[in-house]
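This report looks at charged side chains and at one residue in a loop. Please keep the sequence and the model in view while reading.

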Amino acid sequence: MAVRRVAVRSVVVAGLLAFGAVAPGPAQAAGSGGVGAGPEADVSYHGRVALAGSRLRVWLVPENDGPAALPNATLRVRLSADLADRQRLAEGCARAGLREVVCETGPLPLRGQGRHVGLALELRERVPEVVVQVDTWWNGGATDRNHANDDHVVLALDTGDAYAF
């Protein structure tokens, strides 16, 4: 099975999936552990989200528990609310749809962290709550047998409080 390699700076979106639809991304397709699979790495994310008015802040740190280092990976942030038309995104991040942003992690050393990602996203309109899903979109060609620590769903209420994951 061939593994698709995707660079964040050249994301092409052929269509949009409704929020919550289950469709395997390249990370899941490559993570089967079959013949020809790449190295094994356990990518995880830790961070927090906060919603105040129509502004959603997402801060997170990608980590790699190994057993192999990765030169790069791509994380995805999906929302239950539409993004405003204009966004100022962090370096290495790109909009991937009405409700999606993808960001490169940078190198993920063995038992180390990738670059810290901070997003200040503007929503199309003010909502009382937003569901934020963070997962791995591309895992650098590695097999990751533990998706429990790189697939998070967080409910953020419009209080300005930070919700950790």
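## Salt bridges

A salt bridge is a side-chain nitrogen of Lys or Arg within 4 Å of a carboxyl oxygen of Asp or Glu. By this rule the count is seven salt bridges.

This is a predicted model, in which local features need pLDDT of at least 70 and side-chain atom pairs count only at pLDDT 80 or more, while totals for chains, interfaces and linings use all residues. Residues are numbered from 1 along each chain as its sequence is written, and side-chain values use heavy atoms, with hydrogens and water left out.

Arg76 is found in strand β3; helices (H or I, at least four residues) and strands (E, at least two) are DSSP runs, numbered from the N terminus. Arg76 forms a salt bridge with Asp135, with the closest N and O atoms 2.8 Å apart. This pair links distant parts of the chain, since Asp135 lies in strand β8 (residues 129-138), 59 residues from Arg76.

Asp135 also meets Arg78 in a salt bridge (3.3 Å, N to O). Asp135 is in strand β8 and Arg78 in strand β3, so the pair ties together parts that are 57 residues apart in sequence. Shared partners join Arg76, Arg78 and Asp135 into one network.

Arg76 is buried at 7% relative accessibility, where buried means under 20% relative accessible area, exposed over 50%, and partly exposed in between (1.4 Å probe, protein chains only). Asp135 is buried at 4%.

## Ala81

Ala81 lies in the loop between β3 (74-79) and β4 (93-95). Ala81 is buried, with a relative accessible area of 8%. Its contacts (heavy atoms within 4.5 Å) include Leu98 and Arg99, not counting residues up to four places away in sequence.
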